[in-house]
Amino acid sequence: MQVILASSSPRRRELLGLFGIPFVVRAADIDETMDPEKAPFDEVARVSRAKALAVPRGEDDLVIAADTIVVCAGRVLGKPHSREEAAAMLTLLSGRDHQVMTGCTLLRGDRAETFTEVTDLHFRPLSQREIEKYIASGEPMDKAGAYGIQGGAALFCQRIEGDYYNVMGLPVCRLGQSLARLAPEAMEDTL
């Protein structure tokens, strides 16, 4: 059995590395557009499943795929496409509660497990100067919601309820439970 991470995200590689199991990266190339008429909770799970199905794999290989979004005031915030879009996202998040949702799919043989993990966060009010400085760092440009909790945006987050690693893009605790069910032999040497 080979474990395949269907993502090129350096954060997901780092987090999967916590398990101490060898894996390869085969990024999925799919259309990640979500249907705005459907619930974000369901759509992020659908996208993760599509990623898992899109990567080449052997019969006994295990594929792990994930997709992460930020939801605030009913709006889905993916990765910003411009500095202006990043500023608009951070302005929306300023002083507000929001959710980070990660859809995760594990696929092995004809067995699949898909779930969505949700973490609740609250950002303190941000000044325009703070937003501009953070955008100038370049950090927001490849992250859902235009921020990385493990980086400079740690200074913005007043409260977090749920899996911190989910906010980074991979719900480690729940993933470990799923791995134990679908690939117990891979988990034998982990905690």
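**Contacts.** I started with contacts (heavy atoms within 4.5 Å). Of those in the protein chain between residues at least 6 apart in sequence, 67% join residues at least 24 apart.

**Ground rules.** I'm working with a predicted model, where local features need pLDDT of at least 70, side-chain atom pairs count only at pLDDT 80 or more, and totals for chains, interfaces and linings use all residues. Residues are numbered from 1 along each chain as its sequence is written, and side-chain values use heavy atoms, with hydrogens and water left out.

**Layout.** I found six helices and seven strands in the protein chain; these are DSSP runs numbered from the N terminus (helices H or I, at least four residues; strands E, at least two). Their order from the N terminus is β-α-β-α-β-β-α-β-β-α-β-α-α.

**Burial.** I looked up how many of the 191 residues are buried, and got 49%. Buried means under 20% relative accessible area, exposed over 50%, partly exposed in between (1.4 Å probe, protein chains only).

**Helix α3.** For residues 83-93, my buried list reads A86, A87, M89, L90, L92 and L93. The buried residues of α3 pack against β3, β4, β5, β6 and α4. Just after α3, I noted G95 with a positive phi of about 70°.

**Rings.** My search of the whole structure gave four aromatic pairs. Rings of Phe, Tyr and Trp (its six-membered ring) pair if their centres lie within 6.5 Å; planes under 30 degrees apart count as stacked, over 60 as edge-to-face and the rest as tilted. Y134 and F156 are edge-to-face, because their ring planes sit at 80°, with centres 5.3 Å apart. Y134 is in helix α4 and F156 in the loop between α4 and β7, 22 residues apart. F123, Y134, Y147 and F156 form one aromatic cluster.
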